[in-house]
Amino acid sequence: MGKKILTEHISDPNLHKLEVYQQHGGYASLEKALKKMTPDEIVEEVKKSGLRGRGGAGFPTGMKWGFIDKKSDNPHYLVCNADEGEPGTFKDRYLMQCNPHALIEGMILASYALNANKAYIYIRGELYYVLRILEKAIAEAYAKGFLGENILGSGFSLDLYVHPGAGAYICGEETALIESLEGKRGNPRLKPPFPAVSGLYNCPTVVNNVETLATIPWIVNHGSEEYAKIGIGRSTGTKLISASGHINHPGIYEIELGVTVDEFLNSDQYCGGVREGHSLKAVIAGGSSVPVLPADLILKTKAGEDRLMTYESLSDGGFESGTMLGSGGFIVMDETTCIVRNTMNFARFYRHESCGQCSPCREGTSWMEKILARFEYGGAQAEDIELLVDISKNIEGNTICPLGDAAAWPVASAIRHFRDEFEEHIRRNGCYFE
Amino acid sequence: MIKLTIDNIEVEVEEGTTILNAARKIGGKVVPPAMCYYSKLDCSGGKCRVCLVKVAQSSAKDPRPMPKLVASCSTMAQDGMVVQNITSPEVLEARKAIVEFLLLNHPLDCPVCDQAGECDLQDLAYSFGSENTRSREERSVHKQEDIGPYIQLNKNRCILCYRCINTANQLTDQRVHGMLFRGDHAEISTYIEKSVENDFSGNIIDVCPVGALTDKTSRFKSRVWFTKPYDAHRECPKCNGKVVLWMKGNEVLRVTAPKDKNGEVEHFICNECRFEKKEVSDWKIDGPRTIERTSVISLNHYTNIDKLNKEEK
Amino acid sequence: MEQKNTTISFSPDSLELVNKIIKRYPEGKERSALLPILHIAQAEFGGWLSPEVMDYVADLLHLLPIEVYEVATFYSMFNLEPVGECVIEVCQTGPCMLNGAGEIIKHLEKKFNIKVGETTPDGKFTLRAVECLAACGTAPVMKVGTEYHENLTTEKVDELVNHWCKCGKMSHLNPYQE
Ligand SMILES: Cc1cc2nc3c(=O)[nH]c(=O)nc-3n(C[C@H](O)[C@H](O)[C@H](O)COP(=O)(O)O)c2cc1C
Ligand code: SF4
Ligand code: SF4
Ligand code: FES
Ligand code: FES
């Protein structure tokens, strides 16, 4: 069994209660951090731990915190990204529901490190019931003096609030999230300026994922060295993987970064293998936005090495033969899956979720969906395959925010690795899967 | 001041100038097209992506190229920056693609569109587009909406540039139209079919790059290339009263704000000047207006202006 | 400004909650409270946001009506037309589809004799297909009111529907209260 940082006590059904969380050692980091460490020391610790953002981009967290504009006279803000909308990803919901205090504790530490006195948790609107769990937990923390004025007599004050979204995947993109938190449409902003300089209310802001923030208490408690010992190379620590699709044990698994894909997929500790009587066809390893890989390429790299669950190993081979760890949404498909239908499904998702601001994404996503529908329902022609490839190329890199890329990659990779299936759909004038 | 080169032409601009404005300083063919940016409007730009350029060298300090094409309207020029616009095949490729996207759901109803002849999308398609469409899908159709007696809104032609919203925000604190819904369903609307009326609402017609917003009071009166533009002015209590009259014979068919060489209005005019003053006698005519940009219009010949001014008296 | 609509106003309890929420944001940034307040308004005023309700919210937050329309039409959780007492939202995205979301949707269409997007003639149920609800490991999944129902089978769905036939207005629950 690998090391557990976020889920060590998660089987305790009362972990969401502050006293139970404390019995398991929760909130111990506050004394240490607020009284014995300076904010800069915490940033330094996080830098040294090698922790990378768990929201999808994998950007080094300590470095991001280091960018915050200290010269600004404006207040600083910390915002937790709990919008979790990437298809295939469901770890933040689970973490907030079962272990809300880990997030709260992490946010107190991060706010102290960033000199922020107000912090918000932007949670997707569908998760009302989790919002209520968080509000209860926050109220408990206030009652204990972990939030509010002069926390533990340290002179540091923090107010923490939960803010619901209202159904928009794009609000997971950090600048769209900020717009939404300001009560506006979730249109991503042009960057630069980056949020660290001008974010919420045009003040210096850090946006971090739930899992990222919930990891901070452990790092403060155990030290960056201990954390960096876990994992391999630049992929340090543990990661929550959301496993779904055609496997025996779908669910959330905390892995030490570096286990092999083969072990993750097939051992009983994790996914427990592809469902009985079926064989592996393809995997989307990091949430719907990352390229899909066929069975052979997900288990081994092109060079024949074992593929590991790390940022580096999964992207080995670039887009030709690799993919990305992304947000850790591990979607498994067996041989009954129609790749065309699946790709069309995700194309619909991106079309539906595009904010519509910039023309390549707004027009391109809907065009791709329409063409894919012709593959699926009949009417596709030979040149449509190249047309799809072309559209995906024309969207990629030409948009305001990465949603355009996220919409383009699944289509491009499906054609790259399963071209024959697209051709067969043309020959049979529609889908031939059941 | 900082120096940069755009398509191998060096230009010196003040710090904080965008690449697009630096290119406009050079002028001519190196100026990237702009469908959403509008220098007179705060917060415009970044959306349409037709102004994408390649930055081959970020600055003197950091000679690395930028990894992706950037929107020239919203990227700051740096000292020592090397920019490629029409000298980059990659940029031309991308621009062609963007034009294709913009035309994908455009009704292509130029024969019945009042904007035809002075439409930025038409110009763009001629300059950068391809001749054939690769789309076999049906074009999306929006439910049409009446926004009052002055302004004709055609949602199908809209390219969602946000300029009219920026204009309304800037000129009034009572904006009634806006961007509704999202993604490929996004549209300009008042939501409750409301009349867009305030002293300056007509300016949204001038800023609209396409025929989505046109002047109802001159609707279908004439194709723009059969009308002749004249600079004219009047004493106006609301705006500076300097306008362009679009005339056919002695008839004032349309009144607009004067536009500069970038196709942007020089200033905003009021609704009274634009919609109510349709007699030659309402105006003092200053002379023919040379239109640099749009070839069809500048082909016009002018009658004697003195004669016109005389006639109105 | 629009004439103030006097017929629409929050209950005292809701108004207290609304004011509490507004205070969570810095002074001058009341607009931030727009999404939470629209959620509360939708629950309180019949499960959807009529133009009149939006105008009321605009007035509360000193916004222009169009600013509220722009926001409300952007987010998929806001209903712009009346809905049934119980809105059933079945996830239709990839992972759920791999695990039988399609059958669940078909089953409900048949059961209610309506299509996705429609409401039963008695006004009881609205059926919707929505995008990933962040519960893909327990697919297929649906959300009704503020509750999630996971690992669905047609039998389980039947049971739930029977239950809802008896109980009240699931779509009209205040998100902040249990
Ligand atoms: C379209 C889009 C959707 C995103 N959705 C999420 C999300 O739901 N949750 C999240 O944490 N990050 C999401 N991200 C990534 C965020 O923009 C941002 O990188 C992240 O919140 C930073 O936190 P981290 O550094 O802790 O990962 C999304 C990005 C894009 C482009
Ligand atoms: S890429 Fe798509 S989602 Fe992102 S800003 Fe452009 S239109 Fe909006
Ligand atoms: S109506 Fe015209 S100005 Fe307004 S968004 Fe559409 S194209 Fe732009
Ligand atoms: S003009 Fe630059 S993006 Fe539209
Ligand atoms: S795909 Fe249905 S919950 Fe994620």
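A: In this predicted model, ligand 1 is surrounded by 18 residues, where a residue counts as near if one of its heavy atoms lies within 4 Å of the molecule. The closest are G55(A), N81(A), N208(A), N209(A) and T212(A).

Residues are numbered from 1 along each chain as its sequence is written, while chains are lettered from A and ligands numbered from 1 in the order in which they are written. Local features need pLDDT of at least 70, side-chain atom pairs count only at pLDDT 80 or more, and totals for chains, interfaces and linings use all residues, with side-chain values resting on heavy atoms and leaving out hydrogens and water.

Three side chains make polar contacts, that is, pairs of N or O atoms within 3.5 Å. T212(A) places a polar side-chain atom 2.7 Å from an oxygen atom of ligand 1. For N81(A), the distance from a side-chain N or O atom to a ligand oxygen is 2.8 Å, and for K64(A) the corresponding value is 3.1 Å. The protein buries 90% of the 610 Å² that ligand 1 exposes when taken alone, accessible areas being computed by the Shrake-Rupley method with a 1.4 Å probe.

Strand β4 of chain A (residues 205-209) contributes the largest share of the shell, three residues; strands are DSSP runs of E with at least two residues, numbered from the N terminus. By class, the shell holds four nonpolar, eight polar and six charged residues, where Asp, Glu, Lys and Arg count as charged, Ala, Val, Leu, Ile, Met, Phe, Trp, Tyr, Cys and Pro as nonpolar, and the others, Gly among them, as polar.

Methods:
Polar contact = N/O pair within 3.5 Å; in protein donor to acceptor, adjacent residues only side chain to side chain. Helix = DSSP H or I, 4+ residues; strand = E, 2+ residues; numbered from the N terminus.
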